[in-house]
Amino acid sequence: MAVVTYRDALNQAIREEMRLDPSVFLMGEEVGVYQGAYKVSRGLLDEFGPMRVVDTPITELGFAGVGVGAAMVGLRPIVEFMTWNFALLAIDQVVNTAAKMRYMSGGQISVPAVFRGPGGSALQLAAQHSQAFESWYAHIPGLKVVMPATPADAKGLLKSAIRDEDPVVFIEGEMLYNTKGEVPEGEYLTPIGVADVKRTGADVTLICHSKTVSVALKAAEQLAADGIDAEVVDLRTIRPLDHETVLTSVSKTHRAVVVEEGWSFAGVGAQVVDVIQREIFDELDSPVLRVTGADVPMPYNKHLEKASKADPPKVIAAVKRVMYLEP
Amino acid sequence: MKTTERKPKAGSAPSVAVTAAQPDAETQRSWLRQMLLIRRFEEKAGEAYSLGKIGGFCHLYIGQEAVAVGSLAALRGDDYITASYREHGHALARGISARAAMAELFGKAAGCSHGKGGSMHLIDASLGFLGGHGIVGGHIPLTTGMAFAIKYREEDRVAVCYFGEAAVNNGAFHEALNMAALWKLPAIYICENNRYGMGTALERASAVYDISERAGSYDMDREIVDGQDVLVVYQAMQRAVKRARESKHPTLLEIRTYRFMGHSMSDPIHGHYRTREEVEEHRKRDPILVWSEKLKADGLIDERGIKALDADVISEVEDAYRFADAAPDPEPGELWTDVYAGNREQGTGNGGVS
Amino acid sequence: MATTVVMEALSPTMEEGRLVEWKKQPGDVVAVGDVLAEVETDKAVMELVARAAGTLLAHAVAAGTTVPVGQALAHIGAAGEVVAAGAAGAAGAAGAANGRETTPVAPVAVAAPPLQAAGGRLKASPLARRIAADRGLDLQAVTGTGPEGRIVLRDVETAGSRGTAPSAPLAASRPHVLTPAEPAAAGSAYTDVPLTQIRKAISKRLAQSIGPIPTFYLTAEADMTRAAEAREGLNALGEGKVSFNDIVIKATALALGQHPACNAWWQEDRIRYWADVHVAMAVAVEDGLITPIIRHADRKTLREIGAEAKDLALRARERKLKPEEYTGGTFSVSNLGMFDIDEFTAIINPPEAGILAVGRIGDQAVAYEGQLAIRKRLRLTMSCDHRVIDGATGAQFLRTLVRMLENPLGMVW
């Protein structure tokens with residue numbers, strides 16, 4: 001297997017799908033001549049030309065709508081938002097049209113579009129550039145929400161998203177683009193809607209997605225030194241949520257901690273906790289806890305920002321609480 | 001309350017008909033029938049709404065029939081159309097049957113959107129009639145996207161968008177037209193300027209009164225068109241269609257028209273924001289009246305013929321009403337279908353106690 | 001200091017015994033092992049032996065009385081010693097303890113009262129509640145170590161293992177019960193297999209729907225024509241007659257050897273697969289039924305089985321069987337053919353997992369090798385405990401058994 005960056009894994013996915021299917025095209029700000037704001041689309045303009053790698057004006061609402069309209073008549077657009085913070089401008093097209101056309105038309109019209117870009121925080125980008133909105137989109141019936149944490153998952157899931165007949169919100173991470181990982185050779189797809197156990201364990205389940213997967217894995221390593229064996233479940237897809245993998249794991253360990261990037265109120269973890277307590281109440285030895293981002297706009301200062309994020313010490317403290325161990 | 005009608009600037013007079021290039025008699029009479037169909041259908045829909053058979057919102061097209069009929073007559077069967085929520089007339093003119101349209105207004109399974117869309121979302125993909133959209137201006141970028149797809153696939157279709165003048169100050173309008181002009185896409189943007197965005201007269205919402213002037217911001221071709229004369233509309237559309245099909249340039253058509261009813265069924269005809277006198281004045285240029293007079297003058301139909309047409313249309317509408325009234329509601333299971341591609345047959349079932 | 005003679009549990013299921021006859025009288029000197037009395041249990045008439053040496057002091061119970069297990073019957077002590085009446089019950093523990101294995105009684109809570117006190121709601125995690133319920137633990141008696149005294153998993157786990165503390169508060173101690181079947185089967189090798197999740201799930205579900213033992217039944221018909229010929233031939237060889245039942249027992253034992261999954265016991269939290277085959281045969285006695293065991297039936301010859309079966313049946317009817325002769329079977333066979341029963345379903349003898357019901361052998365008109373023929377046919381019905389034996393498993397065993405019966409030389413193949 002080759003070791004590839006998350007960024008290049010995405011590039012490979014887009015390139016492969018564009019080669020396989022002429023109706024797939026990429027549009028967004030700086031995707032063409034600039035080679036991509038985060039270089040995800042490096043080299044694609046050269047290979048596919050300006051009709052298929054389309055540089056747009058700074059008009060999120062407009063070009064998201066263009067993507068949706070094109071999808072309604074049979075193309076398969078990949079609409080890149082430079083970050084999901086800016087996609088707020090386009091949310092009308094994603095939520096009011098893309099998510100609902102199939103339903104409102106009684107099944108006549110599909111919108112096989114992928115909306116992708118980095119979400120959540122990076123380093124000191126401050127309040128307007130650090131937001132995690134996955135729970136907003138996961139709230140909408142008609143959308144799928146996918147968030148890969150590793151290069152292998154990024155490639156496999158983006159390919160699946162492009163082939164999906166439904167609109168997919170595909171949230172990456174600026175802090176993930178440079179991470180490296182093994183990616184299988186050859187053609188492969190990772191199924192949407194299936195979580196992945198990244199580390200097996202027996203004592204407690206850590207449920208995480210995207211950037212918090214590495215946080216959970218680091219915490220698990222440190223916990224192992226204390227004799228606590230943590231299982232790490234990477235959700236990979238937020239909607240539809242893989243109940244089975246989560247419930248099987250927590251039925252085994254009887255304790256769970258959700259680790260998420262977004263704010264606490266009505267966040268992804270709230271849904272996970274609801275599913276667990278509703279379905280396997282009798283398996284729980286303690287309440288399910290969540291480690292989330294601090295419930296504040298993201299501050300600029302480096303230390304304040306660090307304090308606001310989920311990190312291994314916070315995860316470890318939560319694990320000790322659910323295991324009734326002194327902190 | 002006094003309303004003012006600003007005079008348009010010089011150089012932007014509405015287009016006039018080119019009498020030499022008229023379609024044949026049969027076609028001209030068919031336009032009258034179509035306009036009558038829309039008129040009687042809308043009247044019936046208004047009645048049905050007051051009886052509670054149509055719920056939610058109902059936006060009637062009465063007074064604007066010539067715009068839909070004239071413009072759609074210039075299109076091909078494989079062209080793409082999007083419209084706002086005042087789209088009953090466009091749907092009928094495009095070929096959705098009165099039965100399918102009325103049944104959709106009634107929310108029945110036999111409706112063109114299977115009862116899942118309603119008045120604002122009449123959709124028939126087989127006719128290229130892609131809705132029926134509820135967000136003001138929100139669908140305009142969709143048409144740009146459809147025109148993009150046409151160019152992408154190197155076809156010669158055309159994508160058409162109908163919206164009201166209140167949408168032209170919206171960000172989506174601006175973004176969509178800019179990209180269409182920038183990328184040279186085969187799109188036609190038809191602004192049906194009926195002078196009132198719900199209760200707000202155009203001059204109270206727009207710094208620049210002439211809608212068509214906005215095209216100048218994008219270096220886009222434009223025309224101002226008299227929307228009460230179906231032939232004028234038809235010919236203006238023909239020019240725009242030619243421009244789109246052949247030279248891949250978009251056009252902004254400002255078609256000046258008037259709606260005789262309120263914005264929607266909850267809105268009075270006059271009183272709040274316009275006077276009875278104003279409405280009465282505009283009724284003199286009722287498009288059906290205008291066209292009937294023209295056909296009679298040209299000897300293409302007489303009064304008796306008109307009455308026969310009207311009677312025929314009325315019975316078609318009555319039939320549609322009875323059909324819609326008797327048609328069954330969607331099965332309860334339809335609540336869950338068509339959310340995602342996979343679940344036409346089975347729903348996700350996530351509702352109620354979960 | 002006098003030793004109390006108590007009514008002992010002389011069979012695993014005995015709860016009371018009838019003192020049939022005193023064999024020693026007050027004043028008699030007894031040695032350890034002397035027979036003090038005859039006691040009738042639920043299964044047989046048994047001998048009650050002395051556990052101490054000395055003089056038998058007064059009888060506390062008259063002949064013919066039925067007393068519960070654990071109650072004092074007499075005392076052995078120094079001649080002339082007087083025993084206080086009240087000492088009877090409490091000393092029971094000492095008397096029966098010699099040389100016997102005892103199973104600890106129900107687990108008892110540690111003395112410290114739980115932190116959750118007076119009138120408050122009991123706080124326990126859902127998991128702890130479920131485990132406590134499964135194990136029959138009283139949460140009131142468990143100390144919670146979670147926040148605000150919440151009882152959590154580790155609390156019920158440690159409570160469960162604190163079994164053997166003597167409990168002052170508990171009144172009359174439970175009788176010391178023979179651990180079921182351990183002495184009788186002692187010496188035989190076995191493998192305990194902890195229950196897998198599938199097993200646990202099946203057992204829980206099925207038990208709820210059917211009753212204590214989720215039972216299913218398999219029927220098969222064996223052609224006994226060749227077996228009948230073989231039997232005639234064998235019996236012509238000389239002494240030691242062989243009955244059809246002996247043949248069935250032997251074949252069953254051999255088939256169990258080939259299908260060890262059916263040679264097992266249900267043990268609540270595990271399944272015990274026995275390495276040896278001990279076939280219990282049901283014998284009707286005057287007021288009931290008893291199942292003497294032919295041990296290692298797979299290794300015995302038909303004549304040995306025949307002789308043993310006859311002897312066991314006789315002594316069974318005379319109520320003279322020893323416990324080790326009717327406990328410790330790994331599988332049972334019940335035959336009502338002699339009562340002209342065509343077929344029947346037998347009740348499983350727990351903790352065994354299966355029982356074979358044997359009907360009569362009779363002439364039937366059947367299709368045999370494509371022709372209508374009169375053959376000797378036997379109907380067998382196997383009852384299986386589904387917690388241990390699945391359909392396919394039981395069916396395979398039964399098929400092997402039938403084949404052996406139909407081709408008797410297979411028994412020595």
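**Entry 1: ground rules**

I note that the model is predicted, that local features need pLDDT of at least 70, that side-chain atom pairs count only at pLDDT 80 or more, and that totals for chains, interfaces and linings use all residues. Residues are numbered from 1 along each chain as its sequence is written, while chains are lettered from A and ligands numbered from 1 in the order in which they are written.

**Entry 2: chains A and B**

I looked up the make-up of chain A and found 12 helices and 14 strands. Helices (H or I, at least four residues) and strands (E, at least two) are DSSP runs, numbered from the N terminus. Of the 327 residues in chain A, 58% are buried. A residue is buried if 20 or more other C-beta atoms lie within 10 Å of its own, exposed if 12 or fewer, and partly exposed in between, with C-beta atoms placed from the backbone.

For chain B I noted 11 helices and eight strands. Buried residues are 50% of its 354 residues.

I then looked up contacts (C-beta atoms, placed from the backbone, within 7 Å). In chain A, 79% of the contacts with a separation of 6 or more are between residues 24 or more positions apart. In chain B, 75% of the contacts between residues at least 6 apart in sequence join residues at least 24 apart.

**Entry 3: strand S13 of chain A**

I read S13(A) as residues 256-259, with both faces covered. A:Ala256 and A:Val258 lie on one side, A:Val257 and A:Val259 on the other, and all are buried. In a regular strand the side chains alternate between the two faces of the sheet.

Strand S10 (residues 204-208) of chain A runs parallel to S13(A), joined by four bridges. Two strands pair if DSSP finds at least two bridges between them. A:Ile207 has A:Val258 as its bridge partner in S13(A). Strand S14 (residues 289-291) of chain A is also parallel to S13(A), with three bridges. There, A:Val258 stands opposite A:Arg290.

**Entry 4: cores**

I looked up the nonpolar cores, which are sets of buried Ala, Val, Leu, Ile, Met, Phe, Trp, Tyr and Cys residues joined through C-beta atoms within 7 Å. The largest has 200 residues, and those with the most contacts inside it are A:Leu206, A:Val257, A:Val259, A:Val315 and A:Val319. Its largest share, 10 residues, comes from helix H8 (residues 230-247) of chain B. From chain A, this core draws at least three residues from each of domain 1 (2-183) and domain 2 (196-322); the domain bounds come from an automatic or database domain assignment.

Leaving aside residues up to four places away in sequence, I list A:Val204, A:Leu223, A:Ile228, A:Ala230 and A:Val257 as touching A:Val319. A second, separate core has 57 residues, including C:Ala280, C:Ala316, C:Leu378 and C:Met404.

**Entry 5: where the chains meet**

Ala, Val, Leu, Ile, Met, Phe, Trp, Tyr, Cys and Pro count as nonpolar, Asp, Glu, Lys and Arg as charged, and the others, Gly among them, as polar.

Chains A and C meet through eight residues from chain A and nine residues from chain C. The chain A side has three nonpolar, two polar and three charged residues.

**Entry 6: a sheet in chain C**

I followed an open sheet of six strands in chain C, in the order S10-S19-S18-S17-S13-S16, with mixed pairing. Strands S10 (215-223) and S16 (293-295) are at the edges with a single partner strand each, so one side of each is left without a neighbour in the sheet. Neighbouring strands are turned by 30° against each other on average, direction ignored.

Strand S13 (residues 278-281) and strand S17 (residues 331-335) of chain C run parallel and share three bridges. C:Met281 has C:Val333 as its bridge partner. Helix H8 (residues 244-258) of chain C lies across S13, S16, S17 and S18, running at about 155° to S17(C). Axes are lines fitted to C-alpha atoms, for helices over the stretch in contact, and angles run from 0 to 180 degrees between N-to-C directions.

**Entry 7: C:Leu356**

I placed C:Leu356 in strand S18 (residues 354-368) of chain C. C:Leu356 counts as buried because 27 other C-beta atoms lie within 10 Å. Residues up to four places away aside, C:Leu356 touches C:Thr252, C:Val333, C:Leu380 and C:Met382. C:Leu380 is 24 residues from C:Leu356 in sequence and 6.8 Å from it in space, C-alpha to C-alpha.

Note on methods:
Contact = placed C-beta atoms within 7 Å.
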